[in-house]
Amino acid sequence: MKALLSVDFSIEELSLLVDQQLNLSYEAKTAMIEQKIKEIEEIQKRLKKSKKFLNAVLEGKASFQTKC
């Protein structure tokens, strides 16, 4: 359970995955895990873009200036 928390599953998601009384199918559990992988990949893409922008700021190729 601790391992699932460390990969950002919510308490509700964890309950669905481990609750023996719900008796979720292997396919349903697999689908939940695949969805979590997709969510993580989207986060990674956003972080990569943010990192690229911040590196550009440090190199003087971009700035934080915005119109007020």
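Below, each question about a label is followed by its value and its cut-off.

Q: What should I know about the model before reading any values?
A: This is a predicted model, in which local features need pLDDT of at least 70, side-chain atom pairs count only at pLDDT 80 or more, and totals for chains, interfaces and linings use all residues. Residues are numbered from 1 along each chain as its sequence is written, and side-chain values use heavy atoms, with hydrogens and water left out.

Q: How do you know where confidence in the chain is lowest and where it is highest?
A: The guide is pLDDT, the predictor's confidence in each residue, from 0 to 100. Helix H1 (residues 2–6) has the lowest mean, 69, and helix H3 (residues 26–58) the highest, 93. The chain averages 84, and 90% of the residues score at least 70. Where pLDDT is low, the predicted coordinates should not be read in detail.

Q: What makes up the order of elements in the chain?
A: From the N terminus the elements run α-α-α, with 3 helices and 0 strands in the chain. Helices are DSSP runs of H or I with at least four residues, strands are runs of E with at least two, and both are numbered from the N terminus.

Q: Why is Lys 36 called buried?
A: Buried means under 20% relative accessible area, exposed means over 50%, and partly exposed lies in between (1.4 Å probe, protein chains only). Lys 36 has 7% relative accessibility, so it counts as buried. This residue is found in helix H3. Buried residues make up 10% of the 68 residues in the chain.

Q: Which residues does Lys 36 contact, leaving aside its neighbours within four places in sequence?
A: They are Val 7, Asp 8, Phe 9 and Glu 13, where contact means heavy atoms within 4.5 Å.

Q: Why is the pairing of Lys 36 with Glu 13 called a salt bridge?
A: The term requires a side-chain nitrogen of Lys or Arg within 4 Å of a carboxyl oxygen of Asp or Glu. Here the closest N and O atoms are 3.3 Å apart, so the pair meets the cut-off. The two partners link distant parts of the chain: Lys 36 sits in helix H3 and Glu 13 in helix H2 (residues 11–18), 23 residues apart. Side chains of opposite charge can pair when their charged atoms come close.

Q: How many salt bridges does a search of the whole structure find?
A: There are 4. Among them, Glu 39 pairs with Lys 36 at 3.0 Å between the closest N and O atoms, and Glu 42 pairs with Lys 45 at 3.4 Å. Glu 42 and Lys 45 both lie in helix H3, 3 residues apart, about one turn of the helix. Salt bridges that share partners join Glu 13, Lys 36 and Glu 39 into one network.

Q: Why are Glu 39 and Glu 42 given the label partly exposed?
A: Glu 39 has a relative accessible area of 31% and Glu 42 has 40%.

Q: What makes Phe 53, Leu 54 and Phe 64 a patch?
A: Patches take residues with over 30% relative accessible area and no salt bridge; like charges are joined within 9 Å, nonpolar side chains (Val, Leu, Ile, Met, Phe, Trp, Tyr) within 5 Å. Leu 54, in helix H3, has 42%, so it passes the area cut-off. Together the three form a nonpolar surface patch with about 310 Å² of accessible area, computed by the Shrake-Rupley method with a 1.4 Å probe; for residues, only the protein chains shown count as cover.
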